[in-house]
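Hi,

Here is the structure I promised to pass on. My notes on what turned up in it follow below.

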Amino acid sequence: MKDEALSLGVDFGKCVEFHGHTCPGLAIGFRAARTLMERLGARKAPDEELVAIVETDACGADAIQVMTGCTFGKGNFLFKNYGKHAFSLVDRRQGKSVRVCFRSDVFRKDPEFSSIFQKVQKGEASAKDMEWYKQQQHERVLEILNADAESLFKIEDLAPEIPPKARIMESETCGVCGELTRVDLLRRMDGKKACVPCAEKLGFGHMVPSR
């Protein structure tokens, strides 16, 4: 599968290597990242020059990280649980932001595909079903990789809401479980400081964070 992905392009091959397999969702994220970066004239971010905002935790989010250099660890990869194949990129230096959202009419409604997809999800697909399904998925990947960006996405320039840069916070010990916890996420309860899981277990999940 890796060799197949590399034949489709080195950059997409890197996304496949990171994600673990080729699929339409990954291809959507790859094309989204390319579209966003081209629209902004941006290059992969070694630090926090860019901020990526993803509205799905599906496969495409991995391609966004690989292509843009925005990651959870650097604090410039933000997840909004909206369930949409929509992705935004903010360029701090230019003060610009672009959002793309995958169009609903890219793939035609196909009852046969929907039926076999359900079988695959339930683990009920036959070998013949799986072969057909994989071929359909491969064709969808090729379609996404070769289509014009405008036919794949709704593209819009946004007024940038530039989030603050990530801060390195000190940690303190939770007074209940004894585990190190970021100080701004500790909750004060009964004279102790508790991490979020401990505070929730003890019924203090909505208390004001400790300072």
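Lysine 193 comes out as partly exposed, at 21% relative accessibility; in these notes buried means under 20% relative accessible area, exposed over 50%, and partly exposed in between, using a 1.4 Å probe on protein chains only. Its side chain meets that of glutamate 172 in a salt bridge, 3.2 Å from N to O. By salt bridge I mean a side-chain nitrogen of Lys or Arg within 4 Å of a carboxyl oxygen of Asp or Glu. Lysine 193 sits in strand β9 (residues 192-194) and glutamate 172 in strand β6 (residues 171-173), so this pair ties together parts that are 21 residues apart in sequence. Glutamate 172 is also partly exposed, with a relative accessible area of 31%.

Some ground rules before you go further. This is a predicted model, in which local features need pLDDT of at least 70 and side-chain atom pairs count only at pLDDT 80 or more, while totals for chains, interfaces and linings use all residues. Residues are numbered from 1 along each chain as its sequence is written, and side-chain values use heavy atoms, with hydrogens and water left out. Helices (H or I, at least four residues) and strands (E, at least two) are DSSP runs, numbered from the N terminus.

Back to the charged pairs. The structure holds 8 salt bridges. One of them brings together the side chains of arginine 92 and glutamate 48, at 3.9 Å from N to O. Arginine 92 is in the loop between β3 and β4, and glutamate 48 is in the loop between α3 and β1 (50-54), so the bridge ties together parts 44 residues apart in sequence. Both partners are buried: arginine 92 at 16% relative accessibility, glutamate 48 at 11%.

Another salt bridge joins glutamate 156 to arginine 99, with the closest N and O atoms 2.9 Å apart. This pair links distant parts of the chain, glutamate 156 being in strand β5 (residues 153-158) and arginine 99 in strand β4, 57 residues apart. Arginine 99 counts as buried at 11% relative accessibility, whereas glutamate 156 is partly exposed at 28%. Through shared partners, salt bridges join Glu55, Arg99 and Glu156 into one network.

Helix α2 (residues 10-19) is worth a look on screen. Its buried residues are Phe12, Gly13, Cys15, Val16 and His19. Down the helix axis they fall within an arc of 155 degrees, so they line one face of α2; the arc is taken from the directions from the helix axis to the C-beta atoms. The face turned away from that buried side carries the exposed residues Val10 and Glu17. After α2 comes glycine 20, with a positive phi near 110 degrees.

Of its 29 lining residues, Pro24, Phe113, Tyr133, Gln137 and Arg140 are the closest to its centre. Two or more lining residues come from each of α3 (24-40), α5 (111-122) and α6 (127-146), and α6 gives the most, with 7.

For the method: on a 1 Å grid over the protein atoms alone, a pocket is an open set of points where a 1.4 Å probe fits, with protein on both sides within 12 Å along at least five of seven lines, and lining residues have an atom within 4 Å of a point. Grid points are joined across faces, edges and corners, and a volume is the space filled by probe spheres set on the points.

The second largest pocket has a volume of about 220 Å³. It is lined by 13 residues, and Ile53, Lys80, Ser97, Leu158 and Glu161 lie nearest its centre. Strands β3 (86-91) and β4 (96-102) each give two or more residues to that lining.

Cheers
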